[in-house]
Structures are given as structure tokens and as C-alpha cells.
Amino acid sequence: MPFASAQMSADMACLRIMETTDLHVHLAPYDYYADRPRHDLGLLPLSRLVDQARNETPNTLLFDNGDFLQGTPVGDFVAYERGLREGDLHPVMAAMNALGFDAITLGNHEFNYGLSFLMKAIARADCPVLAANLLRKRGATARGDRSLTRPYALLDRVVCDMQGQPHPLRVGVIGLAPPQVVNWEHSALDGRVWSRDIVETARAWIPEMREAGADIVIALAHSGIGAARHSDGMENAILPLARLDGIDVVLAGHSHLEFPGPAFAPSPEVDPAAGTICGKPAVMAGFWGSHLGVIDLLLRREGRSWTIMGSRSELRALASKPAGPRAPALTDPVPGFTPPRPRSPGVRRIVAQTHQDTLAAIRKPIGQAAAPLHSYFALLGRSAATAVVADAQCAYITERLRGTEHGHLPVIAAVAPFKAGGRSGAQHYTDIAPGPLALRHVSDLYAYPNMVAALRLTGAQVRLWLERSASVFSQVVPGGAPRVLTEPDAAPYQFDILYGLDYVLDLAQPARFLPGRAGENADASRVLRVRLNGKPLLEDDEVILCTNNFRASGAGGFAGPGTEQQVFGDSTSMLGILRDHIATHPRLVPQHGPPLRFAPIPQGRAILPTGPGARAHLHDIADLNPGVLDDCGAGFLNLLLDFDARA
């Protein structure tokens with residue numbers, strides 16, 4: 001039924017469903033790493049969009065899709081400086097309570113500070129916290145599992161129809177998270193938390209939700225829009241999840257993308273213009289509070305049940321660019337509707353105090369940088385910022401292994417550039433000038449509270465590690481048109497730089513692995529030469545590789561991680577190790593030089609998108625003859641690199 005004719009019917013109602021996702025503790029509109037305001041992120045400014053959306057229609061629900069507990073120095077301040085005792089109210093939870101969320105699901109980054117911290121943080125949530133496939137005990141089937149938190153919630157609400165008359169509505173919401181979290185946080189969760197496949201779990205619980213009277217079922221899934229074909233344990237399972245009978249609405253997240261929007265190509269099951277997946281309304285609201293996802297459902301009451309007659313999905317952005325015309329309402333104004341009191345002032349009071357406390361903590365001086373520390377060219381293996389992290393890792397592990405059966409082996413370090421643009425944008429780079437280093441710079445150099453780990457690997461395993469890392473690069477065709485240096489699906493954190501080695505990559509060759517995926521082309525190789533202390537690294541040679549618990553648990557598909565290879569791991573965070581390293585080096589200078597070089601490619605060129613601040617450091621890559629191209633329209637500086645040079 002067209003919306004225009006549906007508006008005249010008294011048995012019709014409009015239900016607005018709103019989503020936030022991947023907030024990563026971005027409460028205030030502020031970049032704590034650069035110590036300056038930003039106006040395109042944060043729960044506080046987003047709360048004003050929520051108030052506006054609630055003013056437009058009487059029937060609204062608000063959900064958060066996970067990854068709310070870690071991601072900025074605010075999270076680190078609460079976890080490491082202030083601490084969280086039993087009964088304390090975490091500022092993120094306080095802000096969510098003030099804004100009036102109806103349900104929240106857990107994401108993978110909720111576990112970064114440990115299970116005990118998480119459970120204390122969510123204990124005072126005013127709404128259900130859901131995670132159907134994260135388990136305290138795994139049963140024979142999903143219905144026999146004992147979930148870590150509630151698997152689903154039934155929300156009993158009263159909605160007003162077109163004439164302002166109230167009616168009961170029961171909304172079922174199931175929370176789902178990437179099952180890989182138990183591997184990614186193995187050291188903290190092993191033997192304490194288990195997981196189950198997203199689709200298998202939802203398929204098991206939906207009938208119970210329907211039997212309990214759910215008129216509408218919402219999948220609140222911290223999962224991205226990935227492959228169409230279901231495979232057990234898949235991380236980005238939104239497509240097969242949306243196919244399940246009984247699911248009416250899909251709220252996605254995790255992959256930091258925007259849906260509906262141009263990031264997704266149209267397909268028989270994905271309509272990025274209409275905002276539907278498998279014909280069902282869906283949103284994915286970006287990250288860091290950049291957008292509010294809004295789904296409007298047009299409902300018809302038939303007896304005691306409701307039917308969805310139509311829907312509209314949209315994203316409302318915080319970005320300062322002028323807003324386009326708002327789509328017309330699905331329904332006429334409801335008689336007698338009085339807009340609710342605004343919630344944003346309460347959020348503002350909570351955020352203001354936490355913001356000031358965090359600033360005071362992160363501005364404490366801890367050392368001095370003797371040279372610029374930036375990540376503009378980290379994807380070329382040239383970054384003093386990642387080299388400093390490698391120095392800290394190697395020093396820590398070398399000391400811990402001294403006198404053990406592993407102490408005689410050479411120590412190398414694997415470091416990924418967490419801040420190197422990508423989906424996080426042109427401002428997402430480390431850029432620390434020579435001079436005083438404050439506590440905020442520690443989080444700028446290492447953005448996650450990972451714990452340290454060390455693996456004992458053979459030379460053959462190291463070469464495979466390098467091959468996996470090299471898979472982020474596009475193939476550079478001699479004499480061909482220049483392509484973007486990295487593959488579209490590759491993220492900076494998938495690129496490990498191995499310090500302590502001297503190695504050469506040939507990007508004219510095809511990749512042995514696909515970025516972030518299983519399977520390999522065993523006949524392909526980009527690793528030409530690997531040397532350690534001036535000598536070739538042989539297949540049977542052994543080394544100690546410093547890394548983090550995330551990599552050591554197998555994240556990213558690198559060769560070697562496993563309990564049999566791990567020779568060291570403790571609860572010390574990389575942030576603490578790095579902070580202590582800076583404090584004990586009054587004039588911080590990277591000890592490791594760039595380990596990576598590229599083989600010459602005749603007339604080989606590629607485009608590196610990087611931050612605008614890279615203009616001041618082009619001399620660091622002078623051997624690649626960087627040429628500045630036109631602005632690509634997303635704020636990045638595009639550099640044309642010449643690989644027709646000597647390695």
C-alpha cells in the first residue's frame with residue numbers, strides 16, 4: 001500500500017528505530033591524540049540528533065551496536081588511571097543511560113580491558129545488554145547455551161497510531177557479536193567465555209522470541225556486510241543473517257562503514273539506495289558517533305498483531321557540510337503528540353566532567369622526542385612512530401627472556417600501523433613533532449590496550465608472516481596505469497612491519513594471500529630477500545618475534561601463532577610498556593631503522609593516499625620520487641610513487 005493512502009488509516013502507526021555503533025568511547029567531539037576539537041564525531045553531538053529524531057515522531061527506539069568501551073584515551077583513563085570498582089558507573093554507561101537507550105549489544109572491543117572490567121562496566125546499564133552467541137557455557141545446541149549476558153530482550157512499548165490512539169507493541173531484540181572475539185582475546189577469555197556462530201544462534205532463538213509474542217524482531221548484530229554465502233563462524237554475517245525467516249530489521253556495525261550508501265555495490269540482496277538487505281530494512285551508522293542510523297517502519301495493526309507495510313532507511317551525519325533536504329515523513333503528524341524532553345543536556349553534563357578529567361591525565365609530561373614521529377608513510381614500512389613501538393617491544397621481551405632457554409635467540413618485532421588513514425579518514429595519522437611527550441602521545445603511538453606476547457618462529461614461518469603482510473598491497477604492473485598502493489579490502493592494521501630484519505618485497509608479483517582471508521596461492525611470492533644481522537635468514541633458523549596477544553592468538557591469519565609457538569605472554573599492556581620505555585629514554589630516538597625496501601619495477605608506479613601533513617615529510621621517501629596529485633575529495637593527499645628505483 002502506498003504511504004500516501006496508508007496515512008488515512010487509523011490502524012496504522014510509524015515506528016522509528018535508531019542506531020549508534022562503534023562509538024569507541026568517543027563521547028566528546030574531541031581528538032585526544034592531537035589534543036584539539038573535532039566536530040564530526042562523538043556521542044554528545046549525536047545526542048542532539050537523537051533528540052531531533054524523537055521530536056519528529058512519537059514512537060521511537062534507540063539501540064547501540066557495540067564497541068563502545070574502548071578506542072580513545074577516555075577508555076584507557078577509566079581502565080588504567082581512575083579504575084572501575086564494583087558498583088562504579090562507567091562514564092560511557094552513564095551517558096547511554098542519560099540518552100535513554102532501549103538495548104545494547106556487545107562488540108569485540110568490549111573485552112579489551114578484560115572480562116571483569118566489562119562486567120562491572122555494564123552492571124549499571126539501565127537497558128538490556130545482549131550477547132546471544134557469547135557464552136558462559138556452551139550447550140549441545142544454541143538453546144542449551146548459557147549466554148554471557150541476556151541473549152535477547154522483549155521490549156513492551158505503547159505506540160500511537162495515526163489518530164493518536166495507544167496500542168501495545170512487543171519488540172524482540174537479539175544481540176550478536178563476532179564469534180572470533182574468543183580467539184582475539186584468548187589470553188583473557190580462555191576457559192571463561194565461548195562463542196557460537198551468529199546465524200546458527202539467531203536461527204535457534206528467533207522462534208522462542210516469536211512464541212513469546214514478539215511482533216517485530218530486530219537483529220542487533222555487531223557484524224559487517226560480507227560474503228553472501230554462509231560459513232560457520234563467519235565474522236561479517238549480515239547477509240545470511242538477514243535471510244533468516246523471522247528477522248524483520250537488521251542493525252549492522254563492526255566494519256566502520258555506512259549503509260545505506262555508496263560504500264556497497266548493488267546486488268540482488270543488497271540495495272544501498274533503498275537501505276535494504278534481503279528485502280529487510282537495515283542500517284550501519286559508520287563509527288565514532290559520525291552518524292545516526294534511522295529506520296522508519298510503517299506498521300498496520302491486524303487484530304492483536306502488527307505487519308510491516310513499508311520502511312525507509314537513512315543515515316543522519318554529524319559532518320559540518322550542509323544537510324540535504326530531509327525525506328518526507330512516512331505519515332502525517334500524529335494528533336496530540338508532544339515532543340519528549342531533550343536528553344542531550346544530561347549527556348552534556350556527564351561528558352563534560354569525564355572530558356576534563358581525561359585531558360588533565362593525558363597532558364602529563366613523560367619524556368621528549370628528539371625527532372618527528374609520524375605514520376604518514378607507515379604503509380611503506382617507513383615510520384619512526386612504529387619503530388619506537390618496536391624498540392619498546394624488543395627491550396621488554398629481551399629482558400624477560402634473559403637467562404631462559406630462549407634467551408640466546410635474536411629478537412625481532414612485528415608492529416602494525418594502527419593510525420594510517422584507511423576507513424578512519426585523512427586525519428587518522430600519528431604526527432608528533434620533536435619536543436615534549438605527554439601521556440596522550442602513548443595512545444597516539446599505540447591505539448589499543450593489547451597485551452605483549454612473544455613467539456618462537458622458524459625462518460620459514462617468518463617468510464610466510466611477511467607474505468601475509470605483503471598481501472595488503474596491490475600488484476604494480478610494469479609500465480601499467482598506476483593503481484592505489486593497497487587493496488580496497490586491506491586495513492592498515494593488517495600490515496605488519498618486521499623490525500630487526502632487512503627484507504625486500506617485489507610488488508610486481510601477485511600476492512600469496514588475499515587480504516584478511518583464508519587460502520593462498522602457494523606459487524606466488526613477493527618476499528625476495530630476508531636478512532638478519534647481515535646474513536640470510538634460513539628456513540631452519542629460529543627467532544623470537546615480539547607481537548601482541550591479538551596477533552599471537554591467530555588474528556589476521558599470520559603463520560606461526562599458537563600455544564606451541566608462544567614463549568611469553570603476560571597481562572602487561574603495550575601501552576604500559578611503551579609509556580615506561582619513553583620515560584626511561586629522556587631523548588627518544590628510534591633504534592630500529594626502516595627494515596623494508598621494494599624491488600625496482602620498470603616504469604612501475606602506484607598511488608599512496610596519506611594525510612595532508614605528509615607534505616612536510618616528503619624527504620623521507622625521496623627515493624620513490626613522490627609527486628603530489630590532485631585532492632581525491634576525501635581529504636587525503638595522493639602521492640604518485642615511482643618504483644623504478646634500486647632496492
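Q: Hi! What order do the three strands take in the open sheet?
A: Hello! In this predicted model, the order is β8-β7-β11, with antiparallel pairing.

Q: And which strands sit at the edges?
A: Those are β8, covering 146–147, and β11, covering 194–195. Each of them pairs on one side only.

Q: How many bridges join β7 and β8?
A: Two bridges, in the antiparallel sense, with β7 spanning residues 134–137.

Q: Nice. Which residue in β8 is the bridge partner of Lys137?
A: That would be Arg146.

Q: Switching to rings now. How many aromatic pairs are there?
A: The count comes to 15 aromatic pairs.

Q: What about Phe259 and Phe264, what kind of aromatic pair do they form?
A: An edge-to-face one: the planes make an angle of 80°, and the distance is 5.7 Å centre to centre.

Q: Where do Phe259 and Phe264 stand on burial, buried or exposed?
A: Phe259 counts as buried, at 1% relative accessibility. Phe264 is buried too, with a relative accessible area of 11%.

Q: Which residues do ring pairs link into a cluster?
A: Phe473, Phe495, Phe598 and Phe643 are linked that way.

Q: Last topic, helices. At what angle do the axes of α2 and α10 cross?
A: Roughly 170°, and the axes come within 9 Å. Helix α2 is made of residues 43–55, and helix α10 of residues 344–362.

Q: Why are α2 and α10 described as roughly antiparallel?
A: Angles over 145 degrees count as roughly antiparallel, and the axes of α2 and α10 cross at roughly 170°, so the two helices get that description.

Q: Which residues meet there, between α2 and α10?
A: From α2 you have Leu44, Ser47, Arg48 and Asp51. On the α10 side they meet Ser344, Pro345, Val347, Arg348 and Val351.

Terms used
Residues numbered from 1 in each chain as written. Predicted model: local features only at pLDDT ≥ 70, side-chain atom pairs only at ≥ 80, totals over all residues. Heavy atoms only, no water. Pairing = 2+ DSSP bridges. Helix = DSSP H or I, 4+ residues; strand = E, 2+ residues; numbered from the N terminus. Phe/Tyr/Trp six-rings, centres within 6.5 Å; stacked < 30°, edge-to-face > 60°. Buried < 20%, exposed > 50% of the residue type's maximum accessible area, 1.4 Å probe, protein only. Axes fitted to C-alpha atoms, helices over the stretch in contact; angles between N-to-C directions. Parallel < 35°, antiparallel > 145°, perpendicular 65-115°, else oblique. Contact = heavy atoms within 4.5 Å.
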